[in-house]
Amino acid sequence: MRRGRLVAGLVLLSLVGVGGLMAFPWAISPSKAEELAKRFVLDRMSGPNGGILTNCKVRRLLLFPIFDPADLLASGVLSETIGLAMQYAVLADDRPFFDKQLQFARQKMLGPQGLFYWKVSYDGELVAGTSAVIDDLRIVGAALQAAEKWGDAAYRSFADDIAGNIWQYEVVGGVLRDFLNWRDYGDPVVADTLQLSYIEIPTLRALAKRAPEWQPILEQTGRILLAGRMASGLFYENYNFAEKRYMGDQQNMINQLYCALFAAELEQGDHPFAEWLRNRFAADGVLYAQYDGSGQPLQFFESTSVYALAARYAFRIGDRALGESLLAKLLEFQNVNPISPMYGGFSDDEVYSFDNLEALLTLRRYNAEYR
């Protein structure tokens, strides 16, 4: 779980910006926030080969937070980041940004089975010999969206090729599995578990529309997701196929929110997680990093990505008021000091590409639908 700000008790939402009392619960507009965050990612977090780097520590120099570019460079690039960046580029109608990420993925991240290394060094020389099905699906889904938006069949062909490899190596018995490991056991080995937060329903649905053999995978994997909900409305962490049971009732909020977002694509108007989220946020005024199976907090800090995902979930189920309250909390993490080296970025004691890209995805959707 990515770290965040430590909080003690309830935190009141500040309405005071750089210039004093604000008429809105954010220091800058959501459209400006998106512009600045995108510039930060492109200018400060991108490596020399176009891949967006993962993370590094943030320290304070006099009055300003700063980070060491060498530390950031050493963090490498995740397939997770590539997929999120491609998703954002399509939503933002930024084809050059999309093509740069796609080029990095094809040249630096494709493994021997045609799946993506979950992590590589900034130059693609050092690689992890394991995939992550959620990242593979994100990249496929983004490529399909790009083909539809820009009318380029090459994106669709690429997506179909990768989808075929997912089908061959990351699907067992008509159900997704977490990963394929092709380095540590001699022969390639597929996981015997499935993280519920990996069940990327929008891409599975897009694939099912293109090829009927994906329909039973969508249905069976979707059932595993919905059946993994606890009485509180929260979700178990994963399903273990060897033991035929759900495991992990203390899943972090990033994964919980991904489960909720994917489940919302399958639910018919009833959203149990939404009820828990509304009640919890109303009671505490914040969302914490982790809760137990009954819905009680376990880790008492906040993070950019939790608020980004929670806001996006609220907008997805049509609760604009909740979404804007969560968006206001998200924007508290953005550096809006124009003379700071971290201007525009979302960070706390560390800066993560994941946090910044999740914020960008939420801001883009909000700006497109409501502004």
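Okay, which element gives the most to the lining of the largest pocket? It's α5, with 5 residues. Before I go on: this is a predicted model.

So, the pocket itself. The largest pocket holds about 770 Å³ of space, and 25 residues line it. Nearest its centre you'll find Gln145, Glu200, Pro202, Glu265 and Arg365. Besides α5 (133-150), the elements giving two or more residues to that lining include α3 (79-91), α7 (201-210) and α13 (353-370). By class, the lining has 11 nonpolar, 10 charged and 4 polar residues.

Next up, aromatics. Searching the whole structure turns up 20 aromatic pairs. Take Tyr117 and Trp182: their pair is tilted, 5.7 Å centre to centre with 55 degrees between the planes. Tyr117 is in the loop between α4 and β7, and Trp182 is in the loop between β10 and β11, so this pair ties together parts that are 65 residues apart in sequence. Both are buried, Tyr117 at 14% relative accessible area and Trp182 at 13%.

Then there's Trp276 with Tyr291. Their ring centres are 4.9 Å apart and the planes sit at 85 degrees, so we call that pair edge-to-face. Trp276 belongs to helix α10 and Tyr291 to strand β15, so here the parts tied together are 15 residues apart in sequence.

One more ring: Phe241 has the charged end of Arg177 sitting over it, 3.9 Å from the ring centre.

And cysteines, to finish. How many disulfides does the structure hold? It holds 0. Cys56 is buried at 1% relative accessible area, and Cys259 is buried at 0%.

Note on methods: Residues are numbered from 1 along each chain as its sequence is written. This is a predicted model: local features need pLDDT of at least 70, side-chain atom pairs count only at pLDDT 80 or more; totals for chains, interfaces and linings use all residues. Side-chain values use heavy atoms; hydrogens and water are left out. On a 1 Å grid over the protein atoms alone, a cavity is a set of points where a 1.4 Å probe fits but cannot get out, and a pocket is an open set with protein on both sides within 12 Å along at least five of seven lines; lining residues have an atom within 4 Å of a point. Grid points are joined across faces, edges and corners, and a volume is the space filled by probe spheres set on the points. Helices (H or I, at least four residues) and strands (E, at least two) are DSSP runs, numbered from the N terminus. Ala, Val, Leu, Ile, Met, Phe, Trp, Tyr, Cys and Pro count as nonpolar, Asp, Glu, Lys and Arg as charged, and the others, Gly among them, as polar. A disulfide is a pair of cysteine sulfur atoms within 2.5 Å. Buried means under 20% relative accessible area, exposed over 50%, partly exposed in between (1.4 Å probe, protein chains only). Rings of Phe, Tyr and Trp (its six-membered ring) pair if their centres lie within 6.5 Å; planes under 30 degrees apart count as stacked, over 60 as edge-to-face and the rest as tilted. A charge sits over a ring if NZ of Lys or CZ of Arg is within 6 Å of the ring centre and within 35 degrees of the ring normal.
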